[in-house]
Amino acid sequence: MIKVLIADDEPLMRAGIKALLGTADDIELVAEVGDGREAVRVALERRVDVAVLDIRMPKLDGLGAARELRSAAPSVRVVVLTTFGEDDNIVRALSDGAAGFLLKDSAPEELLRAIRAVHAGEAYLSPMVTSRVVGMVAQAGQPRRQEARRQVEGLTEREVEVLSLLGLGMSNADVGQRLHMSEATVKTYVSRLLAKLGLTNRVQAALLARDAGLAG
């Protein structure tokens, strides 16, 4: 079972998400809270697998909570849920360690897919967010592209291949199939890449791959 925490200051939104999670046999809602500070405390106390965090919350916003969870409990996967689609929120969420980013007007089943994906070590961005991220990469300046290329210079040929496929949004299973490797081997490569490049999650790796021109 995937143990999930919901943090949202709107009781109606929490109730809706609770009802949705109740339809999934593989997901258990272990706690629901109304502010970011409580979210961090309860997530650590209950040892949750995935925290679904609203951005706009009292005491500590969702991005601050994501940052604290990344530091205190890196194993907790974070999905950021918000009504706001501004680029600065996307960038902050990814920088603060979120593995998933959804807008609240996404289809309900998208949240279930996001929870399962981040729990499996994948990343999940809603289609609208993905288009914004791609747009930001397309607008990246020459210095940013040069820095990205410098970062990947020390990678082995196989590591570059894996990073390139991450940049295309492929899952571990897809990468393994393309490169004729087991999924466990791919996970090892991804973990090694993140450590080598000083990155938090595969979303950041995908952005770096695109900045470096490795993702087509």
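Modeller: Before we start, a helix axis here is a line fitted to C-alpha atoms over the stretch in contact, and angles run from 0 to 180 degrees between N-to-C directions. Also keep in mind that this is a predicted model.

Colleague: Thanks! How are helix 2 and helix 3 oriented relative to each other, roughly parallel or roughly perpendicular?

Modeller: Helix 2 covers residues 36-46 and helix 3 covers residues 62-72, and their axes lie 9 Å apart. The angle between them is about 25 degrees. Angles under 35 degrees count as roughly parallel, so helix 2 and helix 3 are roughly parallel.

Colleague: Which residues of helix 3 make the contact with helix 2?

Modeller: The two helices cross in a right-handed way. Helix 2 brings G36, R37, V40, A43 and L44 to the contact. By class, the contact has 6 nonpolar, 1 polar and 2 charged residues. On the helix 3 side, the residues are A65, E68, L69 and A72.

Colleague: And helix 1 with helix 5: are they roughly parallel or roughly perpendicular?

Modeller: Helix 1 spans residues 11-21 and helix 5 spans residues 108-119, with axes 10 Å apart. Their packing angle is about 70 degrees. The range from 65 to 115 degrees counts as roughly perpendicular, so that is the word for helix 1 and helix 5: roughly perpendicular.

Colleague: Let's turn to the backbone. What is the phi of R47, and is R47 buried or exposed?

Modeller: R47 sits in the loop between helix 2 and strand 3. Its phi is positive, about 55 degrees, although R47 is not a glycine. Exposed means over 50% relative accessible area; R47 has 68%, so it counts as exposed.

Colleague: In which loop is H180, and is H180 buried or exposed?

Modeller: H180 also has a positive phi, near 60 degrees, in a residue other than glycine. The loop that holds H180 runs between helix 9 (172-179) and helix 10 (183-197). Its relative accessible area is 75%, so H180 is exposed.

Colleague: What is S164 in contact with, leaving aside neighbours within four places in sequence?

Modeller: S164 belongs to helix 8, residues 157-167. Buried means under 20% relative accessible area; at 14%, S164 is therefore buried. Beyond those sequence neighbours, its contacts are L214 and A215.

Colleague: How far apart in space are G213 and R149, C-alpha to C-alpha?

Modeller: G213 lies in the segment after helix 11 (202-211). With 57% relative accessibility, G213 counts as exposed. G213 and R149 are 64 residues apart in sequence, yet their C-alpha to C-alpha distance is 7.8 Å.

Colleague: Finally, the whole chain: what percentage of its residues count as buried?

Modeller: The protein chain has 11 helices and 6 strands. Among contacts between residues at least 6 apart in sequence, 66% join residues at least 24 apart. The accessible surface comes to about 10,300 Å², and 50% of that belongs to carbon and sulfur atoms. Of the 216 residues, the share that counts as buried is 50%.

How values were computed. Residues are numbered from 1 along each chain as its sequence is written. This is a predicted model: local features need pLDDT of at least 70, side-chain atom pairs count only at pLDDT 80 or more; totals for chains, interfaces and linings use all residues. Side-chain values use heavy atoms; hydrogens and water are left out. Helices (H or I, at least four residues) and strands (E, at least two) are DSSP runs, numbered from the N terminus. Angles under 35 degrees count as roughly parallel, over 145 as roughly antiparallel, 65 to 115 as roughly perpendicular and the rest as oblique. A crossing is left-handed if the near helix is turned anticlockwise from the far one by less than a right angle, and right-handed if clockwise. Contact means heavy atoms within 4.5 Å. Ala, Val, Leu, Ile, Met, Phe, Trp, Tyr, Cys and Pro count as nonpolar, Asp, Glu, Lys and Arg as charged, and the others, Gly among them, as polar. Buried means under 20% relative accessible area, exposed over 50%, partly exposed in between (1.4 Å probe, protein chains only). Accessible areas come from the Shrake-Rupley method with a 1.4 Å probe; for residues, only the protein chains shown count as cover.
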